[in-house]
Structure formats: C-alpha cells, structure tokens
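Subject: Structure handover

Dear colleague,

Here is the structure I said I would pass on. My notes on it follow below.

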Amino acid sequence: RSRIHFDTARKMPVTVGVKWGKNSYDVEVDTAGVGLDLKTRLFSLTGVPPERIKLMGLKGGKQLTDDVPLADCGLEDIAAKKKKLMMMGSTAEVIKAPEKEITFVEDLPEEEQEAATMANFSPGLTNLGNTCYMNATIQCLYAVPELRSILNDASAAGGGTPASAPAPGGGTALANAARDLFNEIKNSNAAVTPFRFLALLRQLFPQFAQVGQGGVYSQQDAEECWSSILQTLCREVPAIDKLFGLRLKMSLKNELTGETREEVKREYNFKCNITINVNHLSEGFRVALDEEREYGGEMFKGHNRVCELPPWLNVQMVRFFWKMPGANDPADATGQKAKILRAVTFPVLLDMYEHCTDEYKAALDPARAAKIKKEEADADARLRADPRARLAAEVAAGTAEAADAAARELEE
C-alpha cells in the first residue's frame, strides 16, 4: 500500500518591504525560490530590468544574484522586524555604443580636414581688396534659395540694362555671373574667389572701382552694393522682382488747401530710420513711413503704407547720415558722412500688419485670425498638459475660476 508524503517543512511566503527612490512596495516573496524570481517580481512592479536591480539590506550584506537561494537571504527576519530593503536601478534605456566608429577631424588626412569642418557651412569669399561690402551682399543673396533656383531655371531676359549705362548689356552678364558664382559656392569646400563677378560689378557701376591713396580700392557701402545688384537682377529677370519688390501707397495732403495726392511706388528696401527716439525696429519704420513733399511750391504731408508684401522683405537700418557743413566745426565747409551707433532691437518674427493699408489688412485678416486662433489653442493645450503652467495661469488670473473662464473663452 503506497503512502502520500506531505512536505510540512515547506515555508510560507513572506511579505517584505522594498523602497525604490520615493516609492515603497510590499512584495510577497516565496522563500523557496531564487534571486531571479524576486528580481522578476520587482521588475513587474517598477519596470527596472532584472539585470539592473541591486538590493541592499540582505542578511550579511549578501548580493542578490540570479541563482542565490532566497531562503539564505534572511527575508523572514527582515519581514518580522518590519525592515525595508533598499533597491537601486534605473528604467532608462542603456546607451549603446555607436554602430559606426566615430572618426575625429584631427585623425583625418590634412587635405580632408578643411572639407570636414566646412560640411555644415557655406564656404567664404576671398577679399580682393576692401571688397567685404560685396562679399557680404553676395552671402545675403545666396541665402535665398528661391533666387538661386530662378537664376538656374530661367535665362536672363536681356535688354534690362539702360543703353546709357557705362556697360550696355552688362546686366545680363552680371545675372549670369551671379548664377555661376552661386553654383560655385554650393559645390566648393574652400573659399571662392569672385574675380569675374567683381570685374562685371565695377564695369557696370564705376563707383565701386574708385581707388584711394596708394592705388588701393576704396571701401564702399554694402547697402549701395545690395541695391545696385538687386535692381539689376530684377530688371534682367522679372521673376526676381516679384521675389523682393514691395509696393508702398503714399497718401499726402496739403493742410492749407486740402488737396490730396496718392501714389503707388515699388521699393526693394523697407527702411528703418534711426533717431534719438527710436529703440525698436517698428518705431524706425514709423519714422521712415512719414512723408513730406513739395509740389508747385506747396508743402504736402502724409505717410506711406504697405499695399503688397514680397516673399522676402529686405529691411535696411539707415545708419549713415550727412552732417551739414559747419555742424560741428564752423570752419568745415564740406560736411561729412557719419554713422549712427544707436542700438535698435528687433523681433525674431516681424509683424508688418500695423504698417499696411486698410485694404491690405482686410486681405490679411482671415489668415491672420486663423493663425492667432491656432496659437491660442496650442497655448491652452500646453496649459492643460503642464500642471506648473496651469498653476501660473491661476496665479496670473487671480483665481482658478477666472483661469477656467479664460480657457472657455479661448475654446469658443
């Protein structure tokens, strides 16, 4: 007759306290198991992978390895004294070694080092003797991808340069030289020397060929260079005119007679006049948009307003002015050019709405309203998702009820 043997020595599970960071857990442990069983149980509670789990406070400072018997770890005594084990481990993903070996610039051959350092930058332009004004202008124009595309895709129309110019037909050559120079900048890993472009620029606009003492070419104004090049390109390639040209509506009135005059003109620079009262870009715009003109001996006053904006708006800070003869020195009968050093702040995103005509504002309003509504909805979503931002909104509104009312207004 067979007998059934019951193992009465089998131990019952114990409940052990485990502290992990700010969290505490009561973990039921079967002491008949091994270390990996306890690690797996902790993984289900904390999300820390078993291979990263370390427990402190076991009997005799024992390490919880995967195969250590839990019966030898003193868990019953820890549970009876209501002590807690300290758990260490992170749920963050382990940083993996890069699959591709990293090559440092210093380890490259000397001929490849310069190309590697210029990989994320456009190459510079060689200074050919006080030509920094032209180089800066070229780099600004090169930064407009649509301009490069137009020059590559559309051949110059030709005939835009006046016949009275010093180099008739030179505008077409300058447009083609700009196209070739931009392509050279795009494909080069070293500084580009703009010999051809500079020669054509000086041929078309002789003021840039002026020389000073010692036969050295004189310094020139970058804005004059920008305007000369851009207006030439706009004449030769009509698509470029649409890229940079803006339309201004001038409205003038004679205060004595009540006569009014209106005129629409095309500009390629939007000026910011700098005075002692100008601290921000928009303030300089307002000064520049004010207009005074004399017609037939009568003075007319008024303002300019934008009636069409281009895809690319060129803003000119007018930092040079002409000091009248004798302004500082009574003996000075010639006057001189002076630079305005006043700091003028400007935003990252420029809002031109206030400088537009009423008709143009009406055309902009639908898209503007949609954009403002989307920005307000996004801001409200961020408030709801971030408790700290929500608390800041309540503090700003005064009460939680006022903050909720403001949020409902945004939703409506």
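Strand 1 and strand 4 run parallel and are joined by three bridges. Helices (H or I, at least four residues) and strands (E, at least two) are DSSP runs, numbered from the N terminus, and two strands count as paired if DSSP finds at least two bridges between them. One of the residue pairs here is lysine 19 with methionine 86, its bridge partner in strand 4.

Before the rest, the basis of these notes. This is a predicted model, in which local features need pLDDT of at least 70 and side-chain atom pairs count only at pLDDT 80 or more, while totals for chains, interfaces and linings use all residues. Residues are numbered from 1 along each chain as its sequence is written, and side-chain values use heavy atoms, with hydrogens and water left out.

Strand 1 (residues 14-20) also pairs with strand 2, this time antiparallel, through seven bridges. Valine 16 has valine 27 of strand 2 as its bridge partner, and valine 18 stands opposite tyrosine 25. The hairpin of strand 1 and strand 2 has two residues between the strands, and glycine 21 takes a positive phi near 65° there. Five of the seven residues of strand 1 are buried, so the strand is mostly covered (buried means under 20% relative accessible area, exposed over 50%, and partly exposed in between, with a 1.4 Å probe and protein chains only).

The sheet as a whole is open, with four strands in the order 2-1-4-3 and mixed pairing. Strand 2 (23-29) and strand 3 (54-56) are the edge strands; each has a single partner strand, so one side of each is left without a neighbour in the sheet. From one strand to the next the twist averages 35°. Helix 1 (residues 35-46) packs on this sheet and touches strand 1, strand 2, strand 3 and strand 4 (84-88), its direction making about 140° with that of strand 2. Contact means heavy atoms within 4.5 Å; axes are lines fitted to C-alpha atoms, for helices over the stretch in contact, and angles run from 0 to 180 degrees between N-to-C directions.

**Helix pairs**

Two packed helices are described by the angle between their axes and the distance between the axes. The axes of helix 4 (residues 132-142) and helix 8 (residues 222-236) come within 9 Å and cross at roughly 50°. Helix 4 and helix 8 are therefore oblique to each other (under 35 degrees counts as roughly parallel, over 145 as roughly antiparallel, 65 to 115 as roughly perpendicular, and the rest as oblique). Their crossing is right-handed; a crossing is left-handed if the near helix is turned anticlockwise from the far one by less than a right angle, and right-handed if clockwise. Tyr133, Met134, Thr137, Cys140 and Leu141 of helix 4 meet Ala222, Cys225, Trp226, Ile229 and Leu230 of helix 8.

Helix 5 (residues 145-153) and helix 6 (residues 170-187) have axes 9 Å apart and pack at an angle of about 120°. The crossing of helix 5 and helix 6 is left-handed. Helix 5 contributes Leu147, Arg148, Leu151 and Asn152 to the contact, and helix 6 contributes Ala175, Ala178, Arg179, Phe182 and Asn183.

Leu281, Ser282, Gly284, Phe285 and Leu289 are buried in helix 10 (residues 281-289). They cover an arc of only 155° around the axis, which puts them on the same side of helix 10; the arc is that of the directions from the helix axis to the C-beta atoms. These buried residues pack against strand 7 (270-273), strand 8 (290-295), strand 9 (298-308) and strand 10 (315-318).

Aspartate 241 lies in helix 9 (residues 238-244) and is buried, with a relative accessible area of 16%. Apart from neighbours within four places in sequence, aspartate 241 is in contact with Cys234, Arg266 and Tyr268.

Most residues other than glycine have a negative phi. Lysine 82, not a glycine, has a positive phi of about 55°. Lysine 82 is found in the loop between helix 2 (75-80) and strand 4 and is exposed, with a relative accessible area of 75%. Asparagine 130 also has a positive phi, near 55°. Asparagine 130 lies in the loop between helix 3 (110-117) and helix 4 and is partly exposed, at 26% relative accessible area.

**The chain overall**

The chain has 13 helices and 12 strands. Buried residues make up 31% of its 412 residues.

Regards
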